[in-house]
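Morning, everyone. I have one structure for you today. Let me put it up.

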Amino acid sequence: MVIKKMHDMGIRSEHAYLAGLSSIGLSFASWLTSLKAEQAGLERADRWGIFVGEWAPTFIGLGLALSHYEQQEGTLNGSLHVVRQAS
């Protein structure tokens, strides 16, 4: 139900995969920023990095669910997802 609503809103599996990949970079950036800008130390920076890093599996899981839905609906548009049948 949630996946159908996301699909109807125009969110595609590629968007979720991109968000997952971006959150990995954001995790490193938040760790580095916290380490350099705050006086709280390494432990605080590690917590920020782990917190943001946990988003990646969520986005990738949503991407997989959306991809499965797109395959069922016939709306999957990616060259990575094309399955060629043997002639």
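How do the axes of helix α2 and helix α4 cross, and within what distance do they come? Before I answer, two notes on the source. This is a predicted model, where local features need pLDDT of at least 70, side-chain atom pairs count only at pLDDT 80 or more, and totals for chains, interfaces and linings use all residues. Residues are numbered from 1 along each chain as its sequence is written, and side-chain values use heavy atoms, with hydrogens and water left out.

Now the answer. The axes of α2, residues 13–37, and α4, residues 55–73, come within 7 Å and cross at roughly 170 degrees. Axes here are lines fitted to C-alpha atoms over the stretch in contact, and angles run from 0 to 180 degrees between N-to-C directions. So α2 is roughly antiparallel to α4, a label for angles over 145 degrees.

Who makes the contact? On the α2 side, the residues include A16, Y17, G20 and I24. On the α4 side, W55, F59, L62 and L66 are among them. Contact means heavy atoms within 4.5 Å. By class, this contact has 12 nonpolar, 5 polar and 1 charged residues. Ala, Val, Leu, Ile, Met, Phe, Trp, Tyr, Cys and Pro count as nonpolar, Asp, Glu, Lys and Arg as charged, and the others, Gly among them, as polar.

Step back to the whole chain. It has 4 helices and 0 strands. Helices are DSSP runs of H or I, at least four residues; strands are runs of E, at least two. Of the 87 residues, 24% count as buried. Buried is under 20% relative accessible area, exposed is over 50%, and partly exposed lies in between, with a 1.4 Å probe and protein chains only. Take contacts between residues at least 6 apart in sequence: 71% join residues at least 24 apart.

Next, charges. The count comes to 1 salt bridge, meaning a side-chain nitrogen of Lys or Arg within 4 Å of a carboxyl oxygen of Asp or Glu. D8 pairs with K4, and their closest N and O atoms are 2.9 Å apart. Both sit in helix α1, residues 2–8, and are 4 residues apart, about one turn. D8 is exposed at 51% relative accessibility. K4 is partly exposed at 43%.

Last stop, R44. This residue is in helix α3, residues 42–53. R44 is partly exposed, at 37%. Leaving out residues up to four places away in sequence, R44 touches S34 and E38.

Key: Angles under 35 degrees count as roughly parallel, over 145 as roughly antiparallel, 65 to 115 as roughly perpendicular and the rest as oblique.
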